[in-house]
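Please read the following note with the sequence and the model open beside it.

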Amino acid sequence: MYRDDFGTLNLRMFAGYAYTMVVDGTGALPATAEGAYYALQADFIEYKISGVKLGTEIRGFFKRDDDVSPLRAPPRFSLYIAKEFKLEKVGELFKP
């Protein structure tokens, strides 16, 4: 975490080992795979001007040369933007 007067940057990284099963919808037996994975989460919250939060998450499996599983596809990622509101300011919207 890094914090200054302008905002806060959070960064989280982790890794693990997972056993997964994929069903293709044809009634066939599930395809199974196992392997090491990684994830990275980051977000930045700007306080002074807009209260906007920007973030991303990236997840994937470490690639093995002998593996052709669809689970070993390129990493999946998401991006998001959010707006922070103070509860007292939201309450002011409903005052007569």
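1. Helices (H or I, at least four residues) and strands (E, at least two) are DSSP runs, numbered from the N terminus. On that basis the chain has one helix and five strands, and from the N terminus on they follow one another as β-β-β-β-β-α.

2. A word on the origin of the values: this is a predicted model, in which local features need pLDDT of at least 70 and side-chain atom pairs count only at pLDDT 80 or more, while totals for chains, interfaces and linings use all residues. Residues are numbered from 1 along each chain as its sequence is written, and side-chain values use heavy atoms, with hydrogens and water left out.

3. As to overall dimensions, the C-alpha atoms of the chain fill a box of roughly 60 × 35 × 15 Å along the principal axes. The radius of gyration, which is taken over C-alpha atoms, is 20 Å, whereas a compact globule of 96 residues would have a value near 12 Å; the globule rule is 2.2 Å times the number of residues to the power 0.38.

4. Of the 96 residues of the chain, 23% count as buried, where buried means under 20% relative accessible area, exposed means over 50%, and partly exposed lies in between (1.4 Å probe, protein chains only). If contact means heavy atoms within 4.5 Å, then residues 24 or more positions apart account for 49% of the contacts in the chain with a separation of 6 or more.

5. The five strands form an open sheet in the order β1-β2-β3-β4-β5, with antiparallel pairing; two strands pair if DSSP finds at least two bridges between them. Because β1 (2-3) and β5 (76-83) stand at the edges, each with a single partner strand, one side of each is left without a neighbour in the sheet.

6. Within this sheet, strand β2 (residues 7-22) is joined to strand β3 (residues 31-46) by 16 bridges, and the two run antiparallel. One of the residue pairs to look for is Phe 14, which stands opposite Ala 39 in β3.

7. Strand β3 also pairs with strand β4 (residues 52-61), again in the antiparallel sense, over nine bridges, and the bridge partner of Phe 44 in β4 is Leu 54. The two strands β3 and β4 form a hairpin with five residues between them, and Gly 51 in the turn has a positive phi of about 70°.

8. Is Met 21 buried or exposed? Met 21 belongs to strand β2 and is exposed, with a relative accessible area of 54%. Met 21 stands opposite Thr 32 in β3, and, leaving aside its neighbours within four places in sequence, Met 21 is in contact with Pro 30, Ala 31 and Thr 32. Between Met 21 and Ala 33, which are 12 residues apart in sequence, the C-alpha to C-alpha distance is 6.5 Å.

9. Asp 5 and Glu 46 are 41 residues apart in sequence, yet in space they are 9.1 Å apart, C-alpha to C-alpha.
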